[in-house]
Structure formats: structure tokens, C-alpha cells
Amino acid sequence: MYSAVAVWRRQWYARLPSRRSRLSRPVISVGNLSVGGSGKTPVVEYIARLLVESGERPAILTRGYGRRRSGEGVTVVSDGAVIRAGVYSAGDEPLMLARALPGVAIVVSASRYRAGRVAEGQLGATVHVLDDGFQHVQIERDVDLLLISEEDLSDRPLPGGRLREPLTAGAAADAALVSAGYLSAVERIARIVGITTAFQVTRALGIPRTISNTPESVVVPPQSRVFAVAAIAQPERFFSDVAAAGWDLVGSMSFRDHHYFTQSDIRRIDKAARAAAAAIILTTEKDAVRLETCDLIGLPFAAVPLIVGIEPAEPFREWLLGRLR
């Protein structure tokens with residue numbers, strides 16, 4: 001039933017294009033088929049950087065899931081020069097993007113169309129990046145990018161699985177961004193979904209940085225005993241990445257996605273990390289934004305950035321900019 005409704009909804013908008021709203025500037029949508037945890041935010045960051053380097057002034061339009069202070073209005077998290085909102089009104093991912101992307105406007109609203117109008121009218125946006133936009137068919141887009149992986153091929157629509165739409169909906173995308181280790185797998189996965197243009201998404205962990213007002217890089221040698229904490233959609237993926245990076249993962253603790261940490265949580269983490277004799281506590285950049293609101297009681301916390309790439313890089317850049325032109 002869920003799958004049938006999702007198909008009907010997409011077809012309802014497709015039958016009459018006037019049902020979609022059109023922004024004045026081009027729109028690049030980045031989305032996926034599954035619920036949460038597909039790495040959309042690092043891909044959005046990658047594309048925004050590419051656009052800045054190409055002379056554009058991009059605006060990222062996002063829903064701001066997990067905000068504590070939300071409403072019907074538009075929140076400008078960053079105008080590209082100054083960060084204007086904190087985590088409670090911005091949300092963790094928008095604030096994380098605002099800090100990572102000088103020169104990029106970050107605008108949050110339940111109505112991505114209204115957010116786009118503000119970005120165009122007040123912030124000088126020349127192109128929009130629609131975060132988590134594959135199912136947001138109310139807005140016309142010029143480029144539709146779909147993140148997919150091997151796991152999506154065997155999944156089922158909600159509530160039996162994690163897919164928001166059936167796999168056949170993927171054919172509506174202009175290109176697939178595939179998380180896979182080999183080019184042959186990238187092409188195979190895209191072909192099964194029905195997408196002819198495909199690029200590979202690569203993932204790597206960056207250098208950990210302390211969680212403080214003045215973050216600093218911290219050296220964590222291989223085989224160091226680490227304790228991992230994550231409040232994201234798929235914490236197991238982060239824990240696996242930490243272990244694969246060569247650190248000795250001696251313990252972990254997970255919370256629901258977008259969880260706002262309390263002092264009680266910090267004490268629990270402290271107790272578990274001490275019991276595991278961990279030298280440092282590692283977490284994600286998304287979690288670090290929320291952890292900053294707590295007193296970390298001197299614990300050795302560090303955020304590990306997830307660095308993504310889209311390969312082959314230059315052909316992807318040429319393809320994307322060509323679509324915009």
C-alpha cells in the first residue's frame with residue numbers, strides 16, 4: 001500500500017508539470033530511495049564546493065530535520081558570510097554545512113520553494129542544491145541525482161523495509177551516485193535501477209578534530225583504543241568505518257538519529273569509555289554539533305569527518321555543469 005501511494009504521488013505530479021513550482025535559478029536535487037543514513041549530506045557538501053569553485057553562488061535548501069525550534073517560516077542558517085542560527089533553530093546537518101562551506105547560503109524551511117525564493121531574492125543565489133530532494137517532487141529540478149547502493153537492490157518499501165519508493169522510481173533520476181568499491185559494480189547497480197549515467201561515490205575518514213570552540217586536529221595513531229559514539233541513522237556504518245581505519249574499537253554507544261545529548265548521556269559515555277580503557281572518544285561531525293551544547297566534563301572527544309568524492313571527478317564536473325548550462 002505504501003509503495004502504491006508513493007507511485008501514485010509521483011505520477012500525479014508528472015502528469016501535469018504545472019503542479020510543480022519552478023524557481024528562477026537552476027535546481028540540483030540530491031536524494032535517495034531509502035530512509036536516512038545514505039551519506040547525502042557529505043555529497044551535498046561536495047557538490048556545493050564544486051559549484052563555488054566554478055564561480056557559482058549556491059544555496060543549499062533543506063528541511064532541517066530534528067530542529068527543536070521549527071515553524072512555517074524560513075530560517076537563514078548562513079548567508080554565505082555569517083552564520084545566523086544555532087543548532088536548535090537550524091538543525092544539526094544545516095549548521096554542520098554552514099560551518100564547512102563559506103560562500104554557500106544554507107536556508108531551512110518546511111517549504112523548500114519559499115526557502116529558494118529567499119535565497120534568490122535576498123542572498124544572491126545563482127543555483128540551488130536541494131538536500132534530500134528525490135521525493136520532494138513539488139519543485140521542478142534541472143538535475144536529479146540519486147544515491148544508491150547494493151543494499152537498496154534487495155530492500156523493500158516501508159513499512160516492510162527502508163525504501164520510501166519502489167526501486168523502479170529510481171529511473172526518474174538523471175544520474176546515479178553509487179556507493180560501491182568497483183566501477184563494474186557501479187554500472188551494474190545503476191543499470192538494474194534503470195539509470196544510464198552513473199558515477200562512483202568514494203568514502204574515507206578524515207583527521208579527527210577536538211570538539212571545542214577552537215577545534216584542533218588530533219593525532220590518533222593506528223591501534224589506539226577508541227570508544228565510538230553516534231546518533232545517526234545508521235551508526236553501525238560509522239563504527240565499521242572507525243574499525244576499518246585501523247583503530248582498536250573497544251566499545252561503542254548509539255542513540256536515535258538527531259538525538260540531543262544530555263548530561264546524563266555524557267556521564268553514561270564517560271563510564272563506558274573508562275570501563276573499556278579507551279584513550280579517546282570518537283564521534284561524527286553531525287553529532288559534534290549537538291554535543292557542543294553539553295558540558296563534556298573534560299572528556300577526550302574528537303569528531304571524525306567523513307570525506308566523500310565523486311569519481312571520475314572531472315567527467316562528473318563537466319557533466320553537471322553541462323546540465324546546468
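## Two strands to start

Strand β7 (residues 175–179) and strand β8 (residues 198–205) run parallel and are joined by four bridges. Two strands count as paired if DSSP finds at least two bridges between them. Ala 176 stands opposite Ala 198 in β8.

This is a predicted model: local features need pLDDT of at least 70, side-chain atom pairs count only at pLDDT 80 or more, and totals for chains, interfaces and linings use all residues. Residues are numbered from 1 along each chain as its sequence is written, and side-chain values use heavy atoms, with hydrogens and water left out. Helices (H or I, at least four residues) and strands (E, at least two) are DSSP runs, numbered from the N terminus.

## The nine-strand sheet

β7 and β8 belong to an open sheet of nine strands. The order is β3-β4-β2-β5-β1-β6-β7-β8-β14, and the pairing is mixed. At the edges are β3 (75–79) and β14 (306–311), each pairing on one side only. On average, neighbouring strands of this sheet are turned by 20 degrees against each other, direction ignored.

Helix α5 covers residues 112–123. Its buried residues (under 20% relative accessible area, 1.4 Å probe, protein chains only; exposed is over 50%, partly exposed in between) are Arg 112, Ala 115, Gly 116, Val 118, Ala 119, Glu 120 and Leu 123. An α-helix has 3.6 residues a turn, so residues three or four places apart point the same way.

The buried residues of α5 pack against β2 (58–62), β3, β4 (105–108) and β5 (127–131). Just after the helix, Gly 124 takes a positive phi of about 70 degrees.

## Asn 32 in β1

Asn 32 sits in strand β1 (residues 27–32). Asn 32 is buried, with a relative accessible area of 0%. Its side chain reaches the backbone oxygen of Ser 34 at 3.0 Å. A polar contact of 3.5 Å links the side chains of Asn 32 and Arg 164. A polar contact is a pair of N or O atoms within 3.5 Å; within protein, one must be able to donate a hydrogen and the other to accept it, and residues adjacent in sequence count only if both atoms are side-chain atoms.

Contact means heavy atoms within 4.5 Å. Leaving aside neighbours within four places in sequence, the contacts of Asn 32 include Ser 38, Lys 40, Asp 132 and Phe 134.

## The five-strand sheet

A further open sheet has five strands in the order β9-β13-β12-β10-β11, again with mixed pairing. β9 (209–210) and β11 (248–254) stand at the edges with a single partner strand each, so one side of each is left without a neighbour in the sheet. Strand β10 (residues 225–230) pairs with β11 in the parallel sense over six bridges. Val 226 has Leu 249 in β11 as its bridge partner.

Two helices lie across β10, β11, β12 and β13: α8 (residues 235–244) and α9 (residues 263–275). α8 runs at about 160 degrees to β10, and α9 at about 155 degrees. Axes are lines fitted to C-alpha atoms, for helices over the stretch in contact, and angles run from 0 to 180 degrees between N-to-C directions.

## Backbone details in loops

The peptide bond from Leu 158 to Pro 159 is cis, with omega near 0 degrees. Pro 159 lies in the loop between α6 (150–153) and β7. The bond from Glu 311 to Pro 312 is also cis, with omega near -5 degrees.

His 258 is not a glycine, yet has a positive phi of about 65 degrees. His 258 lies in the loop between β11 and α9 and is buried, at 14% relative accessible area.
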